[in-house]
Amino acid sequence: MTPVEAWSAVVSGEAAAAYAYSVAGGRVPSAARRRAIAGLDAHRANGSRASALVSAAGGTPPVAAAAYDLPDDVRTPKGARRTLAEVEN
């Protein structure tokens with residue numbers, strides 16, 4: 001695997017994680033919302049850093065998908081928490 005391929009995989013993973021946080025983060029109880037926002041911010045920052053590394057290695061960062069499959073039903077707070085836990089695992 002080349003550096004461009006490796007960092008591109010990181011960019012794609014961080015985009016998927018940010019999507020999960022943006023969808024599920026609004027469904028967690030208010031006590032956990034700050035952590036969800038911090039997680040979203042962290043994944044966005046990680047994706048930005050990885051995109052810069054793709055460019056520095058001579059590649060073009062991949063574009064995020066419009067949507068991703070989530071590991072759980074995020075319509076309930078419990079499902080949203082499970083989704084975010086799965087993303088972090």
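**Helix H3.** I began with helix H3, residues 77-88, whose 12 residues reach 17 Å from the first C-alpha to the last, close to the 16 Å expected at 1.5 Å a residue; the expected span is 1.5 Å times one less than the number of residues in the helix. I took helices (H or I, at least four residues) and strands (E, at least two) as DSSP runs, numbered from the N terminus. The model is a predicted one, in which local features need pLDDT of at least 70 and side-chain atom pairs count only at pLDDT 80 or more, while totals for chains, interfaces and linings use all residues. Residues are numbered from 1 along each chain as its sequence is written, and side-chain values use heavy atoms, with hydrogens and water left out.

**Which residues of H3 are buried?** I found Gly79, Ala80, Thr83 and Leu84, where buried means under 20% relative accessible area, exposed over 50% and partly exposed in between (1.4 Å probe, protein chains only). These residues cover an arc of only 135° around the axis, which puts them on the same side of H3; the arc is that of the directions from the helix axis to the C-beta atoms. What covers the buried residues of H3 includes H1 and helix H2 (30-56).

**Chain overview.** I then looked at the protein chain, which has 3 helices and 0 strands and follows the pattern α-α-α along the sequence. Its C-alpha atoms fill a box of roughly 45 × 20 × 20 Å, taken along the principal axes, and 28% of its 89 residues count as buried. For contacts (heavy atoms within 4.5 Å), I noted that residues 24 or more positions apart account for 70% of those with a separation of 6 or more.

**Nonpolar core.** I listed the largest nonpolar core, which has 10 residues, among them Ala18, Tyr21, Ala24, Val74, Ala80 and Leu84; such a core is a set of buried Ala, Val, Leu, Ile, Met, Phe, Trp, Tyr and Cys residues joined through side-chain atoms within 4.5 Å. H1, H2 and H3 each supply at least two residues of this core. Leaving aside neighbours within four places in sequence, alanine 24 is in contact with Val74, Ala80, Thr83 and Leu84.

**Salt bridges.** I counted 2 salt bridges in the structure, each being a side-chain nitrogen of Lys or Arg within 4 Å of a carboxyl oxygen of Asp or Glu. Arginine 82 forms one with aspartate 72, with the closest N and O atoms 2.5 Å apart. Arginine 82 lies in helix H3 and aspartate 72 in the loop between H2 and H3, so the pair ties together parts that are 10 residues apart in sequence. Both are partly exposed, arginine 82 at 41% relative accessible area and aspartate 72 at 24%. The side chains of arginine 75 and aspartate 73 also meet in a salt bridge, 3.0 Å from N to O; arginine 75 counts as exposed at 65% relative accessibility, whereas aspartate 73 counts as partly exposed at 34%.

**Glutamate 14.** I checked glutamate 14, which sits in helix H1 (residues 3-24), and found that it is buried yet has no salt bridge, the nearest side chain of opposite charge, arginine 49, being 7.5 Å away. For charge, Lys and Arg count as positive and Asp and Glu as negative, with His and the chain ends not counted. Not counting residues up to four places away in sequence, glutamate 14 touches His43, Asn46 and Gly47.
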